[in-house]
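Please brief me on this structure.

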Amino acid sequence: MMKNLAFLFLALLVVAGAGAYYYYNKPVEKTISATADVTVSAEKLYADYAANEEQANAMYLNKVLLVTGKLGSVSESDSVTVTYSLDTADPMATVTCNVDKSMIEKNPEPGTDIRIKGLCTGLLMDVVLVKCSIEE
């Protein structure tokens, strides 16, 4: 009886470990092929969040956005991600867009107009988009 329980416990442990390994290594979904739910300028996106975060969440949160605006800065967050900051009317706030380095052919220069598609995760200090791709 104890052998059976030990075997069952070990089997459950292996299944749980395999599931955790799968989810940890699961490929990141790309927004490059997704259709944008909303097209908005970076200035309007931030202004909507600054005016009423709850209402803005209803319009943008967990949706694929196509955001247009002027590129403020480019920074490498880690070994796999580049962060693009789009300027807003507020000099202390931006729309940050995290792009996988494998999706970038060439970094655009700050000050250029850009279109980025990504999944909106809401307002932290800035409005944050993840899983982004640069649109031509």
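The briefing below goes topic by topic.

This is a predicted model: local features need pLDDT of at least 70, side-chain atom pairs count only at pLDDT 80 or more, and totals for chains, interfaces and linings use all residues. Residues are numbered from 1 along each chain as its sequence is written, and side-chain values use heavy atoms, with hydrogens and water left out.

**Helix 2 and helix 3**

- Helix 2 covers residues 42-51 and helix 3 covers residues 53-60. Helices (H or I, at least four residues) and strands (E, at least two) are DSSP runs, numbered from the N terminus.
- Two packed helices are described by the angle between their axes and the distance between the axes.
- Here the axes come within 6 Å and cross at roughly 135°. Axes are lines fitted to C-alpha atoms, for helices over the stretch in contact, and angles run from 0 to 180 degrees between N-to-C directions.
- Helix 2 and helix 3 are therefore oblique to each other. Angles under 35 degrees count as roughly parallel, over 145 as roughly antiparallel, 65 to 115 as roughly perpendicular and the rest as oblique.
- On the helix 2 side, Lys44, Leu45, Asp48, Tyr49 and Ala51 make the contact; Glu53, Ala56, Asn57, Met59 and Tyr60 meet them from helix 3. Contact means heavy atoms within 4.5 Å.
- By class, this contact holds six nonpolar, one polar and three charged residues. Ala, Val, Leu, Ile, Met, Phe, Trp, Tyr, Cys and Pro count as nonpolar, Asp, Glu, Lys and Arg as charged, and the others, Gly among them, as polar.

**Ends of helix 3**

- Asn52 caps the N-terminal end of helix 3, with a side-chain oxygen 3.2 Å from the backbone nitrogen of Glu54.
- Just after helix 3, Asn62 has a positive phi of about 60°.

**Salt bridges**

- The count is four salt bridges. Each is a side-chain nitrogen of Lys or Arg within 4 Å of a carboxyl oxygen of Asp or Glu.
- Lys70 pairs with Asp113 at 3.4 Å, N to O. Lys70 sits in strand 2 (residues 64-76) and Asp113 in strand 5 (residues 113-123), 43 residues apart.
- Lys70 is partly exposed at 39% relative accessible area, while Asp113 is exposed at 63%. Buried means under 20%, exposed over 50%, partly exposed in between (1.4 Å probe, protein chains only).
- Glu76 pairs with Lys101, the closest N and O atoms being 2.7 Å apart. Glu76 is in strand 2 and Lys101 in the loop between strand 4 (94-100) and strand 5, so the pair ties together parts 25 residues apart in sequence.
- Lys117 pairs with Glu135 at 3.7 Å, N to O. Lys117 is in strand 5 and Glu135 in strand 6 (residues 127-135), 18 residues apart.
- Lys117 is buried at 7%, whereas Glu135 is partly exposed at 21%.

- Thr83 lies in strand 3 (residues 81-87) and is buried, with a relative accessible area of 10%.
- Ile134 belongs to strand 6 and is partly exposed at 24%.
- Beyond neighbours within four places in sequence, Ile134 contacts Tyr84, Pro108, Ile114 and Arg115.

Notes
Polar contact = N/O pair within 3.5 Å; in protein donor to acceptor, adjacent residues only side chain to side chain.
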